[in-house]
Amino acid sequence: FIQKACIPKLPPLFLRRLSDKGIRIIYDVDDAVYLDKKDYSNVIASYADVILCGNNVLKEYYSSFCNNCVFFPTVEKTDNYVDYRKNTFDKKIIGWIGSKVTIKNMELVVNPINNIINRHPEVSVHLISNEDEGYTDKIKNCKLIKWEKDKYISDVSKFTVGIMPLIDNEFNRGKCGFKLIQYLNMVKPVVASDVGVNSDIVSNNGFLATTEEEWEQALEKLLFDVQVYEQCVYNIENTFFDRYSFELSGKRLFEILDNKEEM
């Protein structure tokens, strides 16, 4: 069982030995890693018996190398979030979590968020990351909260709304919406760019946005219209976990590993 990040950027010649011995190879990929010129995922895929793909863009690409590509959505261990859930509608905190590699996507929401804060100075922004890359200066009422393994879930629990802006490019269309999965496991309504798998995850749990005006309208509605906010919370609690359940995904994974699921 190989996850995309586990193999260094060297030709994985040992896969031929595994294949020659009849050992099944399962490859799990949740990013468009094939865009990296030094990536060997195509080689890994050609030896794989099954490829677990975090979205249909990845599934379509890797189907050229493997006949058994399975859409397997990203999930998170829900139990880790349950004790931290709380109503934060009155806090008015827009939250984002990620690394400095993806924080450049925040450029899409600088103006919409600042416009909202000009009208509603009680609104604040929390960025959970290793670096802020200048966005605490660009965005008003914005602070960096250093990502820490033992407290990031607690930090996410303080959000009122979780956001996932994505610049529409080939790499982002291959992303699998993990930020959204984290927010929704905390039962926080979301606003996200209508890019890649985001539309499937957001569904009726928040809003999709393409233009700055749409971002501004969606965020303001969730922050200040309690009926809209509570409806999204209800939707998350009653529909989201049916599709993105950690327990159900775990059972399905074991079926795939045991070669019981029909491809």
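Helix α13 is followed by N259, a residue with a positive phi, near 65°. (Helices, H or I of at least four residues, and strands, E of at least two, are DSSP runs numbered from the N terminus.) This is a predicted model, in which local features need pLDDT of at least 70 and side-chain atom pairs count only at pLDDT 80 or more, while totals for chains, interfaces and linings use all residues. Residues are numbered from 1 along each chain as its sequence is written, and side-chain values use heavy atoms, with hydrogens and water left out.

**The six-strand sheet**

- Six strands make an open sheet with parallel pairing, in the order β7-β6-β5-β8-β9-β10; two strands pair if DSSP finds at least two bridges between them.
- The edge strands are β7 (142-146) and β10 (206-209), and each of them pairs on one side only.
- From one strand to the next, the twist averages 25°.
- Strand β6 (residues 124-129) runs parallel to β7 and is joined to β7 by five bridges.
- Across this pair, I128 stands opposite I145 in β7.
- Helix α9 (residues 178-185) lies across β5 (93-97), β8 (161-164) and β9 (190-193), and runs at about 135° to β5. (Axes are lines fitted to C-alpha atoms, for helices over the stretch in contact, and angles between N-to-C directions run from 0 to 180 degrees.)

**The four-strand sheet**

- A sheet of four strands is also open and has parallel pairing, in the order β1-β2-β3-β4.
- β1 (2-3) and β4 (69-71) each have a single partner strand, so one side of each has no neighbour in the sheet.
- β1 and β2 run parallel and are joined by two bridges, with I2 opposite Y27 in β2.
- In strand β2 (residues 26-29), I26 and D28 point one way and Y27 and V29 the other way; all are buried. (Buried means under 20% relative accessible area, exposed over 50%, and partly exposed in between, with a 1.4 Å probe and protein chains only.)
- Three bridges connect strand β3 (residues 50-53) with β4, and the two run parallel.
- C53 is the residue that stands opposite F71 in β4.

- Helix α12 (residues 226-243) has 18 residues and reaches 26 Å from its first C-alpha to its last, close to the 26 Å expected at 1.5 Å a residue. (The expected span is 1.5 Å times one less than the number of residues.)
- α12 has a kink of about 40°, centred on I236. (The bend at a residue is the angle between axes fitted to the seven residues ending there and the seven starting there.)
- D225 caps the N-terminal end of α12, with a side-chain oxygen 3.2 Å from the backbone nitrogen of Q227.
- Y229, C232, V233, N235, I236, F240 and F241 are buried in α12.
- The elements covering these buried residues of α12 include β8, α9, α10 (198-202), β10 and α11 (212-224). (Contact means heavy atoms within 4.5 Å.)
- Helix α13 (residues 246-257) has 12 residues and spans 16 Å from first C-alpha to last, close to the 16 Å expected at 1.5 Å a residue.
- Where α13 starts, a side-chain oxygen of S245 comes within 3.3 Å of the backbone nitrogen of E247. (A polar contact is a pair of N or O atoms within 3.5 Å; within protein, one must be able to donate a hydrogen and the other to accept it, and residues adjacent in sequence count only if both atoms are side-chain atoms.)

**Helix α5**

- In helix α5 (residues 110-119), V110, P112, I113, N114, I116 and I117 are buried.
- Their cover includes β5, β6, α6 (135-138), β8 and α11.

- S193 has its place in strand β9, and a relative accessibility of 3% makes S193 count as buried.
- Not counting residues up to four places away in sequence, S193 touches L108, M164, P165, L166, N198, L208, A209 and W215.
- S199 lies in helix α10 and counts as partly exposed, at 28% relative accessibility.
- Leaving aside neighbours within four places in sequence, S199 is in contact with D194 and L208.
- S199 and G177 are 22 residues apart in sequence, and their C-alpha atoms are 9.5 Å apart in space.
- F65 sits in the loop between α3 (56-62) and β4, and is partly exposed, with a relative accessible area of 31%.
- Residues up to four places away in sequence not counted, F65 touches N42, A45 and S46.
- F65 and L18 are 47 residues apart along the chain, and 17 Å separates their C-alpha atoms.
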